[in-house]
Amino acid sequence: MPNSRPRPRRGARSGAGAVGRDRLVSRSLQSAEHCLSAQDFGTAYAHYLLVLSLAPELKDDVKETFQYTLFRWAEELDALSRTQDLLGCYEQALELFPDDEVICNSMGEHLFRMGFRDEAAGYFHKAVKLNPDFNDAKENFYRVANWLVERWHFIMLNDTKRNTVYNAAIQDAVCLGSKSVLDIGAGTGILSMFAKKAGAHSVYACELSKTMYELACDVVAANKMEAGIKLLHMKSLDIEIPKHIPERVSLVVTETVDAGLFGEGIVESLIHAWEHLLLQPKTRGENGNCEKYGKVIPASAVLYGMAVECAEIRRHHRVCTKDVAGICLPTNVKFQSPACSSVDTEETVEPYTTEKMSRVPGGYLALTECFEIMTVDFNNLQELKSLATKKSGKIGIPVIKEGILDAIVVWFVLQLDDEHSLSTSPSEETCWEQAVYPVHDLADYWIKSGDQVMMEVSCQDCYLRIQNISVFSSEHEMDVGKDFCKDKDLFSLGSEAELCSALANLQTSKPDAMEQTCILESTEIALLNNNLYHESFKMAMRKVLSSLTPEKLCQAMDTHCQNNEMSCGSGQSNSEESIPEPFYVLDVSEGFSILPIIAGTLGQVKPYSSVEKDQHRITLDLISEANHFPKETLEFWLRHVEDESAVLQRPKSDKLWSIIILDVIEPSGLIQQEIMEKAAISRPCLKFFWVYTQKWNCWIIWCLLQSGGKIFPQYVLMFGLLVESQTLVEESAVQGTERTLGLNIAPFINQFQVPIRVFLDLSSLPCIPLSKPVELLRLDLMTPYLNTSNREVKVHICKSGQVTAIPFWYHMYLDDEIRLDTSSEASHWKQAAVVLDNPIQVEMGEELVLSVQHHKSNVSITVKQ
């Protein structure tokens, strides 16, 4: 905290008023300092607001101290959940210091934690514009840029076919007389500019995103069309005549379609447009000037589907195992991904996920022919209105190949007019992905030729929904929700583990057993399916605990195994045994994790879980119960800090953590934020206590690892290689004016490009490797002071070409022998890549030098010229 107190400067004014003001300013400054020393940050903040309102000339003098006071007061407000007060303080601060990049960045961090990602991204971007060298703001901006200008904008603008076909359809419509145009969801304004170039007299464009609206204004001005295109920062649903546009238009152009066609609200916006903004449509067979009639581009769409087998979709949307490293998953717990959630859930979520099926790792197998789902006419108001109210229709599709039914894949053909169309089929090279409806809750997923896949199709809440999928064969019908485990299955189980699992499942499937549906992210489901991950942690934890007290642990484990055998047969646990002092294991993984329960199988262990969601806690309790662990065995340590008066100082007065599990890598392929700082404060130390930090928005453990205890992973190696990939280039930035048919868009939208591409699958990424993998960085979590912030790496070129990107991944070492590879086929992690601004031509045999910089938990990789 700054110590110097500025002296109030006398202004040009004189007399009693000025003297009184200066006296009040001086007193307020003294009071502010006194409050700061007493850590009364709220009162100190109020005093500084008074000082700056009375004496704005002191801004530069008190700026640093004011920032410190603001941030500390904001921490307290955040801890008390006083959200409105917190945001109000930042708004006041930004009125005083509108060009302060530090305050902007801090405001963005608070907004992001509250879930206001678009707004947060805007503040991060402003901070970067104010100070391009402000690393914290740059790193924050890179992480949230997807919400500010979504990555599909780059891919879409680089899709020359899409641009050409839209341009041709708009040009034809304008030439036929549709001279007044409204562009709904304008984005960069490219469709509006197509209309203006085609000769439209009046062009209006509405865009809801503030960032995209401002970007469109710059683009339209750069192409010298600002006089002919009126941009509106609003929803089309809020446009009124003549308040916003003078009269009804003859043409609406839009591309507010997602992979599932309806997900961006095209039906709702076109119903409103036909009722309030468009001229009446031309009736069939009617002739006349098109200027007198209304029409929409696209004119119609046909939705298609196909049933597929796909291991990659399966492992991300269906828990395919009954046993995870010896832990039985009971039948009264049903795991679902958000894409499988019911329409009745509180918040509306897309009932599908999306995939580029042509690039899905491992590929896919078509089990049915392509079939038509529905047709929609965007130029028919009554048809649009009936979509949302129409009852579900049933579709039956014959199976042509045997396999595992994993998903229904959906795409569409967009008919722009009578001549021009666009297809989003998996066989087409297009900017769109396909919509994927994972299949779940079948008694048996194996289907064969001659079977029929049955489904119900509807358009509830303007989403295409494919529900109640079942399979009908001549032998029997497999309906949704039938139990998979039957008594007769016990005789076919081949191992003791399977028998135990079946017994546990049978016990928990009694009519009075509690049932729980647990919604997990697709990456969390993939993690549950990753047996190598859980077995590796189990082995590593066993080794650490054995090294701490070998004899005691072995004895405890023998007792635990005996108790498990007895309880597996009798359904009861032996609580009469004397329980030695337990080991304490803390899992601070992000999201759902069963590692604490696995730790509980390793003898006298007291595991702590950091899961936050109630449904996840209930699920872990049910899994513990099914595996015969008393409920009190597993602790949810975040519960101990919900009440400020009951701060958990550590697991026990005379005991430290034996193992702390940190979640080092995000599913996206990046290093978790602040992970090195958390590792640094978790290492062995004599002093320890719990502390709340608003910076991480969580409670952290300060130096609580016992001597001989371990952090998992102990260290991480980062690997990378040089590749040539036009795909990564086109997905990261708009490539000149040729792709956008001569319109100058690239320099403006490319301001929002980020050097990192995340959620990549290297196994299916179209690229040419130009080098072998090399080690880029070592991050040691047990001894973080050994880590270096800068490193140069020489890379040998093994193939001539253009280096466009540097994909990277990690080897996480739980110890020197047990490691996990984030690029493996079974990994729930994706990979990431640094995309170069300018490709570098290389020849075989050359060497490139990479500069690898590690700042906090962020890594930057550049080619040293």
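Author: Two strands pair if DSSP finds at least two bridges between them. The model shown is predicted.

Reader: Over how many bridges do β39 and β40 pair?
Author: Strand β39 covers residues 847-855 and strand β40 covers residues 858-864. Ser851 has Thr862 in β40 as its bridge partner, and Gln853 has Ser860 there. The two strands run in the antiparallel sense, and the number of bridges is 7.

Reader: Which residue in the hairpin of β39 and β40 takes a positive phi?
Author: This hairpin has 2 residues between the strands. Phi is near 55° at one residue of the hairpin, and that residue is Lys856.

Reader: Which strands are the edges of the open sheet of 5 strands?
Author: The order of this sheet is β25-β24-β23-β26-β29, with parallel pairing. An edge strand here pairs on one side only. The edges are β25 (635-636) and β29 (705-712).

Reader: What is the bridge partner of Ser609 in β25?
Author: Strand β24 spans residues 605-609 and pairs with β25 in the parallel sense. There are 2 bridges between β24 and β25. The partner of Ser609 in β25 is Phe636.

Reader: At what angle does helix α17 run to β29?
Author: Helix α17 is made of residues 531-548. It lies across β23 (583-588), β24, β26 (657-662) and β29. To β29, α17 runs at about 170°.

Reader: Are α4 and α5 roughly parallel or roughly antiparallel?
Author: Helix α4 (residues 83-96) and helix α5 (residues 101-113) have axes that come within 10 Å and cross at roughly 160°. Angles over 145 degrees count as roughly antiparallel. Therefore α4, relative to α5, is roughly antiparallel.

Reader: How many nonpolar residues are in the contact of α4 with α5?
Author: On the α4 side are Leu86, Leu87, Tyr90, Glu91, Ala93 and Leu94, and on the α5 side are Ile103, Cys104, Ser106, Met107, His110 and Leu111. By class, 2 residues of this contact are polar and 1 is charged. The nonpolar number is 9.

Reader: Which hand does the crossing of α2 and α4 have?
Author: Helix α2 (residues 41-54) packs with α4 at an angle of about 30°, the axes being 11 Å apart. The two helices are therefore roughly parallel. Tyr45, Leu49 and Leu52 of α2 make the contact with Cys89, Gln92, Ala93 and Leu96 of α4. The crossing is left-handed.

Reader: How many charged residues does the contact of α3 with α5 have?
Author: α3 and α5 pack at an angle of about 10°, with axes 11 Å apart, which makes α3 roughly parallel to α5. Phe66, Gln67, Leu70, Phe71, Ala74 and Asp78 in α3 meet Val102, Ile103, Ser106, His110 and Arg113 in α5. Of these contact residues, 6 are nonpolar and 3 are polar, and the number of charged ones is 2.

Reader: Why are Arg72 and Glu75 separated by about one helical turn?
Author: The two residues form a salt bridge, with the closest N and O atoms 3.7 Å apart. Both belong to helix α3 (residues 59-79). Arg72 and Glu75 are about one turn apart because their separation along that helix is 3 residues.

Reader: Which residue does a cis peptide bond join to Ile241?
Author: Omega of this bond is about 5°. The residue asked for has its place in the loop between β3 (229-232) and β4 (251-254). The residue joined to Ile241 is Pro242.

Reader: What is omega of the cis peptide bond between Ile297 and Pro298?
Author: Pro298 is found in the loop between β5 (295-297) and β6 (300-309). A cis peptide bond joins Pro298 to Ile297, and its omega is about 15°.

How values were computed:
Residues are numbered from 1 along each chain as its sequence is written. This is a predicted model: local features need pLDDT of at least 70, side-chain atom pairs count only at pLDDT 80 or more; totals for chains, interfaces and linings use all residues. Side-chain values use heavy atoms; hydrogens and water are left out. Axes are lines fitted to C-alpha atoms, for helices over the stretch in contact, and angles run from 0 to 180 degrees between N-to-C directions. Helices (H or I, at least four residues) and strands (E, at least two) are DSSP runs, numbered from the N terminus. Angles under 35 degrees count as roughly parallel, over 145 as roughly antiparallel, 65 to 115 as roughly perpendicular and the rest as oblique. Contact means heavy atoms within 4.5 Å. Ala, Val, Leu, Ile, Met, Phe, Trp, Tyr, Cys and Pro count as nonpolar, Asp, Glu, Lys and Arg as charged, and the others, Gly among them, as polar. A salt bridge is a side-chain nitrogen of Lys or Arg within 4 Å of a carboxyl oxygen of Asp or Glu. A crossing is left-handed if the near helix is turned anticlockwise from the far one by less than a right angle, and right-handed if clockwise.
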